[in-house]
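Please read the following briefing alongside the sequence and the structure displayed here. The points are grouped by topic.

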Amino acid sequence: MAWTMLIAAGLLEVVWAFTMKQSEGFSKLWPSLITLAAMVASFALLALAMRSLPLGTAYAIWTGIGAVGAFLVGIAVLGESASALRVLAALLIVSGLVLMKLSSDA
């Protein structure tokens, strides 16, 4: 269950990163409210997952999902660059996440 909460927390991090961009510096009400709600939910799920997962593993997975997810949303939705080096960097993050999961005791 901790891993499910952690993955959900990471996906909510992607949501709040995207809606923060859409809020234009918190100048638009609805994207700002969605950002804040997703942040609270993401932190709450991360905290719950950390009850049984090691700090380093949980935090690395959470930030990794957020970073790679935001990268993919940026490309797919916002038309950001998908250069070879950016894709390689994302693949390195994903490989690090896999190694973290494989080395976790939980």
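**Alanine 70 and the overall picture**

Alanine 70 counts as partly exposed because its relative accessibility is 29%, a value that falls between the 20% limit for buried and the 50% limit for exposed residues. This description, like the rest of the briefing, concerns a predicted model. The secondary structure of the chain amounts to four helices and zero strands, and the order along the sequence is α-α-α-α.

**Surroundings of alanine 70**

- Alanine 70 belongs to helix 3, and, once residues up to four places away in sequence are set aside, alanine 70 touches Val14, Ala17 and Ile65.
- Alanine 58 lies 12 residues from alanine 70 along the chain, and the C-alpha atoms of these two alanines are separated by 18 Å.

**Chain as a whole**

- The C-alpha trace of the chain spans about 45 × 35 × 15 Å along its principal axes, and 32% of the 106 residues count as buried.
- Among the contacts in the chain with a separation of 6 or more, 67% come from residues 24 or more positions apart.

**Nonpolar core**

- The largest nonpolar core is made up of 13 residues, and Leu6, Leu46, Leu53 and Ile61 are those with the most contacts inside it.
- Two or more residues of this core are given by each of helix 1 (2-22), helix 2 (29-49) and helix 3 (55-76), with helix 1 giving the most, namely five residues.
- Leucine 46 is in contact with Leu6, Ala9, Ala58 and Trp62 when its neighbours within four places in sequence are left aside.

**Helix 1 against helix 3**

- The axes of helix 1 and helix 3 come within 8 Å of one another and cross at roughly 40°, which means that helix 1 is oblique to helix 3.
- This crossing of helix 1 and helix 3 is right-handed, and the residues making the contact include Trp3, Leu6, Val14, Ala17 and Phe18 from helix 1, together with Ala58, Ile61, Trp62, Ala70 and Val73 from helix 3.
- Sorted by class, the contact of helix 1 with helix 3 comprises 14 nonpolar, five polar and one charged residues.

**Helix 1 against helix 2**

- For helix 1 and helix 2 the axes come within 8 Å and cross at roughly 160°, and therefore helix 1 is roughly antiparallel to helix 2.
- The crossing of helix 1 and helix 2 is left-handed, and among the residues that make the contact are Met5, Leu6, Ala9, Leu12 and Trp16 of helix 1 and Ile34, Ala38, Leu45, Leu46 and Ala49 of helix 2.
- In terms of class, 18 nonpolar, four polar and one charged residues take part in the contact of helix 1 with helix 2.

**Loop between helix 1 and helix 2**

- Most residues other than glycine have a negative phi.
- Glutamate 24, placed in the loop between helix 1 and helix 2, has a phi near 50°, a positive value in a residue other than glycine.
- Phenylalanine 26, found in the loop between helix 1 and helix 2, is not a glycine either, yet has a positive phi of about 60°.
- Phenylalanine 26 counts as partly exposed because its relative accessibility is 42%.

Definitions and conventions. Residues are numbered from 1 along each chain as its sequence is written. This is a predicted model: local features need pLDDT of at least 70, side-chain atom pairs count only at pLDDT 80 or more; totals for chains, interfaces and linings use all residues. Side-chain values use heavy atoms; hydrogens and water are left out. A nonpolar core is a set of buried Ala, Val, Leu, Ile, Met, Phe, Trp, Tyr and Cys residues joined through side-chain atoms within 4.5 Å. Buried means under 20% relative accessible area, exposed over 50%, partly exposed in between (1.4 Å probe, protein chains only). Contact means heavy atoms within 4.5 Å. Axes are lines fitted to C-alpha atoms, for helices over the stretch in contact, and angles run from 0 to 180 degrees between N-to-C directions. Angles under 35 degrees count as roughly parallel, over 145 as roughly antiparallel, 65 to 115 as roughly perpendicular and the rest as oblique. A crossing is left-handed if the near helix is turned anticlockwise from the far one by less than a right angle, and right-handed if clockwise. Ala, Val, Leu, Ile, Met, Phe, Trp, Tyr, Cys and Pro count as nonpolar, Asp, Glu, Lys and Arg as charged, and the others, Gly among them, as polar.
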